[in-house]
Amino acid sequence: MDEESAQFVLQRYGQEHLLQFWTELSMEEKKIILKDISEVNFSEVTSYFKKATSSSKDIQKNFEERLCPIPDDAIDSFSTSTAEKLHQYMQLGLEEIANGRVAVLLMAGGQGTRLGVNYPKGIYDVGLPSHKTLLHLQAERIRRLQEIAEQAFGKSGEITWYVLTSEATQKPTLDYFRENKFFGLKEENVVTFEQGMLPCFTFNGQIILDEKYKLSRAPDGNGGVYRALKVQGILNDMEKRGIRSVHAHSVDNILVKVADPVFLGYCLSHSADCGVKVVKKSSPTEAVGVVCQVDNEYKVVEYSEITKKMAERRRSDGNLVLNAGNICNHYFTVEFLRAVGDIHEGKLDLHVAKKKIPYVDENGIRVLPNVVNGIKIEKFVFDVFRFARKFVAWEVVREYEFSALKNADSSGQDCPTTARQDVFALHKKWLLDAGAECVSGDVEISPLLSYAGENLENIAKGKVFKGPTIVQ
């Protein structure tokens with residue numbers, strides 16, 4: 001693209017200001033901004049702005065009447081399932097793994113900004129005795145699960161790990177994998193790919209300049225995964241490998257049961273093409289989205305959209321009516337992901353995030369604003385629920401499966417300290433359940449030894465464990 005072509009496109013969509021500093025740019029800077037402009041589908045992104053901002057202004061009429069919980073026949077619970085039923089689900093999931101039909105889709109595009117670091121959250125050291133990062137722990141859980149499936153079915157099925165990164169996290173994530181030899185996984189089974197980027201806008205629809213020669217862009221949200229899967233050939237790769245079941249989750253849950261065979265088996269047994277894990281809300285006012293139905297379509301409704309009265313409603317058994325807390329943990333069939341990519345992706349909801357976005361002022365000076373001055377447009381991974389032919393939910397125990405790592409320790413919640421404590425509490429339970437006499441201090445169990453508390457009896461029975469220590 002040359003200057004004349006760029007000017008023509010920009011005038012058509014009212015974005016001429018993007019070249020206002022053209023005469024001040026060096027040859028290299030001119031190449032950069034022309035490249036940025038050439039990579040933007042202006043027809044699409046300007047329509048995104050109009051759609052996102054108009055939908056954000058919609059008044060939720062009679063919202064309370066339109067909202068209802070997940071129907072009882074579409075949700076089941078780990079806690080209330082019999083041991084026999086859990087074993088059946090486990091065997092189904094392990095068989096799927098042994099046959100090489102399972103992939104993990106990890107959403108790892110976020111940096112650890114709120115943790116106080118400028119590198120990918122997945123390579124953050126939370127301070128466990130082993131100093132293993134989130135990516136390290138998850139890789140070893142995959143390795144252990146492959147072993148369990150092979151022992152159960154005599155087949156060495158391999159789990160393919162697809163890692164969605166962003167422009168900021170792609171290189172450091174891939175470098176980290178290579179430096180650590182992919183933590184014992186086969187390199188060809190660890191596939192990284194990037195989510196898309198969308199321009200940032202002012203409130204009146206002008207694309208923001210980050211520098212005189214560079215557009216301001218931000219990742220398109222975790223819902224951008226669906227387009228990235230198609231555009232970057234990941235769906236083709238899944239189909240070529242014969243994958244059927246995909247477990248998708250965010251990187252920041254230190255307790256995540258990667259490719260959980262029980263969850264896989266539950267979804268398979270119900271012929272679901274889309275499934276979600278949920279936890280019971282800790283309180284009516286917990287700041288977590290809720291999986292429910294709106295106008296008979298499955299959605300995640302943000303806590304801020306639910307009135308206090310609605311949030312406090314309870315069933316006859318004392319549980320909250322709106323109790324299915326979203327933890328960004330999903331099951332998809334590859335067939336469903338293909339349908340989303342080919343048919344439904346353009347119909348995804350668009351969400352507005354109002355942010356303080358650095359910009360170049362009329363004098364060409366880069367400004368770091370003190371107040372919110374623009375918007376980023378995002379897609380959310382859960383907005384595909386409504387396209388499912390068969391949707392199911394699986395309620396799990398929070399203490400066993402969910403501990404988010406989002407904030408610095410100063411916040412006191414969802415931080416490195418709470419993440420460590422939750423790991424130690426779970427591993428203490430595993431050891432005591434396996435017959436340990438006493439467990440005190442910070443005791444960590446290697447995922448290579450135990451995926452979910454199994455394989456510990458010979459090590460734990462009658463023993464005393466005192467931390468800090470690693471059981472491996």
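The axes of α5 and α6 approach within 8 Å and cross at roughly 100 degrees. The structure is a predicted model. Angles of 65 to 115 degrees count as roughly perpendicular, and α5 and α6 are therefore roughly perpendicular to each other. On the α5 side, the residues that meet α6 are Q91, L94, E95, I97 and A98. Their counterparts in α6 are L145, I148, A149, A152 and F153. By class, the residues of this contact divide into 8 nonpolar, 1 polar and 1 charged.

Helix α6 also contains Q146. With a relative accessible area of 16%, Q146 is buried, because buried means under 20%. When its neighbours within four places in sequence are left aside, Q146 is in contact with G157, E158, I159 and L185.

Helix α5 packs against α10 as well, at an angle of about 95 degrees and with the axes 6 Å apart. α5 and α10 are therefore also roughly perpendicular to each other. From α5, the residues L86, Y89, M90, L92, G93, L94, E96 and I97 take part in this contact. From α10, they meet P261, V262, L264, G265, Y266, L268 and S269. The contact of α5 with α10 comprises 11 nonpolar, 3 polar and 1 charged residues.

In composition, the lining of the second largest pocket divides into 22 nonpolar, 7 polar and 9 charged residues.

The backbone also deserves attention. Most residues other than glycine have a negative phi, and most peptide bonds are trans. A259, a residue other than glycine, has a positive phi, near 55 degrees. Its place is in the loop between β10 (245-250) and α10. A259 has a relative accessible area of 0% and is therefore buried.

D414 likewise has a positive phi, near 50 degrees, and is a residue other than glycine. At 31% relative accessibility, D414 counts as partly exposed, whereas A259 is buried.

The peptide bond between G467 and P468 is cis, with omega at about 5 degrees. P468 is placed in the loop between β22 (464-466) and β23 (469-471).

Another proline, P172, lies in helix α7, which spans residues 170-179. P172 counts as partly exposed, at 29% relative accessibility. P172 and A218 are 46 residues apart along the chain, and their C-alpha atoms are separated by 18 Å.

Conventions. Residues numbered from 1 in each chain as written. Predicted model: local features only at pLDDT ≥ 70, side-chain atom pairs only at ≥ 80, totals over all residues. Heavy atoms only, no water. Nonpolar A, V, L, I, M, F, W, Y, C, P; charged D, E, K, R; others polar. Axes fitted to C-alpha atoms, helices over the stretch in contact; angles between N-to-C directions. Helix = DSSP H or I, 4+ residues; strand = E, 2+ residues; numbered from the N terminus. Parallel < 35°, antiparallel > 145°, perpendicular 65-115°, else oblique. Contact = heavy atoms within 4.5 Å. Buried < 20%, exposed > 50% of the residue type's maximum accessible area, 1.4 Å probe, protein only.
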